[in-house]
Amino acid sequence: MSRLVADLPAPTGIQPVRVGRRRRSRQERLAYKILLPALGTVFIIVTIPFVLAVVQSIQAEDGSLVGFRNYARALTNPLFYDALRATGLYALIVLPAEILLGLSFALLVHRTVRRAGLRATLYVLAVLPLVVPPVAVGVVARLIYAPGYGVLNYLLQGAGIAHSEIEWLGVPILAMGSVASVDIWQWTPFVYLVLFAGLQTVPKESVEAAQVDGATWWTQFIYIELHYLRPLFLLILFFRMADVLRVFDHVFILTGGGPGTTTQLLSLYMYRIEFKFFDAGQAAALAVLVLVSISIIYSLVTRALPLERA
Amino acid sequence: MRGNRWRIAIRIGLLVIGLGAAGVLYAFPLYWLVATSLKGKAELYQSITLIPRHPTLESYGSVLFERGFWVLLKNSVITCAATVVITIAIGLLITYPITRLPVPPQLRVGVLNWALSLRFLPPIAVVIPYFAIVRTLQIYDQPIALIGIYSLFNLPFAIWMLKGFLAEIPLELEDAALVDGANRWTSFRRVLLPLATPGLMAAATIVFTFAWSEFLFALILTATPNAQTFPVGVQGLVTQFEIIWNDMAASGVIAMAIPLALMVVARKYMVAGLTFGVIREK
Amino acid sequence: MQRITRREFVKRTAVTSAAFTSLPAFLAACGESTTTSNKPSKLVIAAVQGNEDGPLKKVAPNYKSQTGIDVEIVEFPYDQLFEKLVTTFQANGSSYDLCMMDDPWMPKFGTMGALQPLDSNFGFTRDSDIPTVVYDVGTWPPPHGPVPPSEQAKTQHLYGITIVGNVEMFMYRSDKSSAPTSWDDVLSNAGKYNAPNFYGYVIRGKATNPVSSDSLPILWSFGGNVFDDNWKVQLDSTDSITAVDFLTRKLKKYAEPGAENIDAADRSRLMAIGQAYQSTVWPGEITGIVEDPSVSQVKGKVAYIPIPQGASGKGLGMMGNWLLGIPKGSKNGSAAADFIKWMLKTANMRNYVAQGGIPIRKSILNDASLASANPYFAALAKSFDAVPNWRPRTDQWNAVETIYGTQMNAAVAGQVTPQAAMTKAAADVRTLMKTAGYPS
């Protein structure tokens, strides 16, 4: 099975499996009595929509079964590939930026800030952007990038850097950049927090030994800290990639998918199919495809990588 | 020696520059949001200024009362609170047995993995069939539809957080209570719960903020202020069919204020909770 | 001892779980409203947010004071209102007692059978003071123009009545020049008066509905069209492409930057702050922005005329009425119908106009005493008399508009040539209509 949890040293609060037969079965039975109703309910609630989506995906509008026609329509729709391309581009911009920036800040603060109070304050500050509702962040971004009343153009023109209105939401590349910048703004702190926490687990002894041996900042990073951070990088990569597939709110508010279909990411595309074209069959087919793909990727990833460390 | 001091100076310099830049990049947009919310309607038709010419709270009044968003605020609070209660309760029901009772390790790992996988479901993929269910059950435009789906999506996170906390509490404490003659429920209530409270509060805060921010399901599954939540209202104001940027900004400020306030109030729990004891004060 | 405690524990857990599972039923019961009496305590109207429903919101309290029935107006931005209504109709929901509809949505709702017929169910008849075209636009199947194949057998019924008499018009700075008589005039004037921060022609270029509404009159005046009378796509005809080229190349030269993101309110705002020379305009923007003394700097300097025609006299203005209809799922049909009748009464409509509403009664539009307060009335009356064109009466219009509007938006942004934009739009629309069962 997965090595997801197996690498954990047994925490003191987890019940090991007892040897005594009679006691084990009683306690175990109690466990199942509590667990199964809750777990079972949740499992059913999760599975029903999936089943329903499959059923919807093989139906036409009038309810008759049409086999894989919806899937064919979904996969031959050029807009679908536009959406995939846009999502891929978005991920390509957002992920490296967030990881590099988050890592830099984590290293910088970890190495430089010694006072516990300051570290804790920075920690709380870093959490704040994560809890702001994405729609609100979208509003903020609108007030910055929008043509006519956006403050960014006002500042740039005031500083003499720009001489005419730059269409942040109108030029395709800039629109993608604007939308990506919001994501980076909101999620770099997440990377920072995870990596910062990870840096805490690096044994001070190794670091001190290396420093005594005359290791430079860079060498220290590559050979010691990176080793401890590697699983965290994978965790971050995985989480953020999954989030990129889900991103919707702030893009919806900022550009609505435009200009044209430049920022029409996958979730926005699916929204359009279901609620603009009212093509329930194609939308359900897309939903099934996406759910299956994610499940496959997820099981591959968890099989191959130990995601968690103590 | 001198080289060391030089290096430290560079690092501190970098830190100041970095934090300064970050500070500006994060503070200015928020300032602009608040500043825009304080502008009156007439000012929106004049040229842009960084500081409102005649600051006024009229947009907040307009948003909350004329547009009736206080109802949406109420809906959001009720929906999120209910979600927290249900999520934590079910989370405990699932986490307690697999951490405190002897279940096969495969089951524990399996449940945790399965819970984690839920987190990666794209909401838009789920909402399409869920919408059909909501219609069939006739709970369209009812808060319960949102509470249900929010609980579902927040459960994985709650399970992982709760597992972390419950795992930290030594089994011996509960065993001692059991040996002393208490039953499971009492030992749970008297021994475990108090110790797990910081973790529960942290989990509750996080679940609340996630539910608070949720937008897509609220957009699709509600139709009137009977069930509409605040983010739906915020998005509704982002229309270029009207010059209402001040109202738009005010709604954004309100939407942000609640989770931010919650975070600041609960920061003790957050630092303890989110790190699972990993951040040690140096 | 152990046995009892475990059973006790399980029992308590079961009780707790049961409490939580009955919570949903409890909450659902809290959420449901009971409709027992004939006269409802309130009517819920799904409305479009913007200038269009402002006057409606202002007169709603009058209805309450006269009849005791509360009128709750739930607003949505344009796109979302359409989506919400369709999904509510699909679910046969009772969330809304009345709905505001843009007239191009009529075909979809008519095809879905989503609305209650006003004539047969509630006794609405044609009032001679209201232009015929207003009744026509609310009738399904449409009394003239091509009818979708699946609808040809249906009986005509009235399903919606206009409460916002929107007909697209044209505005220009009359303090600078006289009225343009054709689109060529418009172009030459745009070039003549274009100056830094004073745009010769403001384009409403935002994707889908905005740019579609803005460009269709131009399309028509050049002899182009979306469909011909047999539902054959005409977007890639020579005339259509010429029209698109005219807007996205020639007029664009004198347009504001970022036109591809500009919607109606921004366009009017530019006029109101004195940065625009001319543009198309909807009456709602006039009362809400351009002639609003609290925000406009050009009050009294702007004139309103029906949309200029093509040089050869081709082309018509465009309707964009907002109608009130009664969803089939509404439980308060007769109370809703009473509300519509109330809105149509002349005295109430005068009051509505005083609050900035757009009337449909000819007597009000031609009333000289209201002309100075509402400078666009004359142009609106003339537009109604000229029987403006309406958008193609197909239930696929929303999808067609999305396709056409996306390509137009790309053309306005300069991303594609007019030729490429219209060729792609035409191809996509053809595929769409074919799948929907229209003749190709």
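Where in chain A is A:Thr255 found? In this predicted model, A:Thr255 sits in the loop that links helix H10 (249–254) to helix H11 (266–275) of chain A. Despite being in a loop, A:Thr255 counts as buried, because its relative accessibility is 18% and the cut-off for buried is under 20%. Its side chain makes a polar contact with the side chain of A:Thr263, at 2.7 Å. Setting aside neighbours within four places in sequence, A:Thr255 is in contact with A:Leu169 and A:Val179, along with that A:Thr263.

Staying with chain A, we can turn to a pair of helices. The axes of helix H3 (residues 78–112) and helix H9 (residues 217–246) of chain A come within 10 Å and cross at roughly 140°. H3(A) and H9(A) are therefore oblique to each other, since angles count as roughly antiparallel over 145 degrees. The crossing of these two helices, H3(A) and H9(A), is right-handed. On the H3(A) side, the residues that meet H9(A) include A:Thr87, A:Tyr90, A:Ala91, A:Val94, A:Leu95 and A:Glu98, and also A:His110 and A:Arg111. Among their counterparts in H9(A) are A:Trp217, A:Gln220, A:Phe221, A:Glu225, A:Leu229, A:Phe233 and A:Arg240.

Chain B has a helix pair of its own. Here helix H3 (residues 69–100) and helix H8 (residues 184–213) of chain B have axes that come within 9 Å and cross at roughly 135°. That makes H3(B) and H8(B) oblique to each other as well, and their crossing is right-handed. H3(B) contributes residues including B:Leu73, B:Ser76, B:Val77, B:Cys80, B:Ala81, B:Thr83 and B:Val84 to the contact, with B:Tyr96 and B:Arg100 also among them. From H8(B), the residues they meet include B:Arg184, B:Phe188, B:Leu192, B:Leu200, B:Ala203, B:Ala204 and B:Trp212.

What about the sheets of chain C? Five strands form an open sheet in the order S2-S1-S3-S10-S6, and the pairing is mixed. Its edge strands are S2 (70–76) and S6 of chain C, each of which pairs on one side only. On average, neighbouring strands of this sheet are turned by 30° against each other, direction ignored.

Within this sheet, strand S10 (residues 322–325) of chain C pairs with S6(C) in the antiparallel sense over four bridges. S10(C) also runs antiparallel to strand S3 (residues 98–102) of chain C, and four bridges join the two. Although S6(C) is an edge strand, S6 (residues 160–164) is mostly covered, with five of its five residues buried.

C:Glu72 and C:Val44 are 28 residues apart in sequence, yet their C-alpha atoms are 4.8 Å apart in space. Not counting residues up to four places away in sequence, C:Glu72 touches C:Lys42, C:Leu43, C:Val44 and C:Ile45, plus B:Pro225 from chain B.

Chain C also holds an open sheet of three strands, in the order S8-S7-S9, with antiparallel pairing. Strand S8 (278–281) and strand S9 (302–306) of chain C are its edge strands, each pairing on one side only. The twist from one strand to the next averages 30°. Strand S7 (residues 169–173) of chain C pairs with S9(C) in the antiparallel sense over five bridges, and C:Phe170 stands opposite C:Ile305 in S9(C).

Finally, C:Gln407 is found in helix H16 (residues 397–412) of chain C. Is C:Gln407 buried or exposed? With a relative accessibility of 13%, C:Gln407 counts as buried. The C-alpha atoms of C:Gln407 and C:Ala420 are separated by 8.8 Å, and the two residues are 13 residues apart along the chain. Leaving out residues up to four places away in sequence, C:Gln407 touches C:Val416, C:Ala421, C:Lys424 and C:Ala425.

Definitions and conventions:
Residues are numbered from 1 along each chain as its sequence is written. Chains are lettered from A and ligands numbered from 1 in the order in which they are written. This is a predicted model: local features need pLDDT of at least 70, side-chain atom pairs count only at pLDDT 80 or more; totals for chains, interfaces and linings use all residues. Side-chain values use heavy atoms; hydrogens and water are left out. Buried means under 20% relative accessible area, exposed over 50%, partly exposed in between (1.4 Å probe, protein chains only). Two strands pair if DSSP finds at least two bridges between them. A polar contact is a pair of N or O atoms within 3.5 Å; within protein, one must be able to donate a hydrogen and the other to accept it, and residues adjacent in sequence count only if both atoms are side-chain atoms. Contact means heavy atoms within 4.5 Å. Axes are lines fitted to C-alpha atoms, for helices over the stretch in contact, and angles run from 0 to 180 degrees between N-to-C directions. Angles under 35 degrees count as roughly parallel, over 145 as roughly antiparallel, 65 to 115 as roughly perpendicular and the rest as oblique. A crossing is left-handed if the near helix is turned anticlockwise from the far one by less than a right angle, and right-handed if clockwise.
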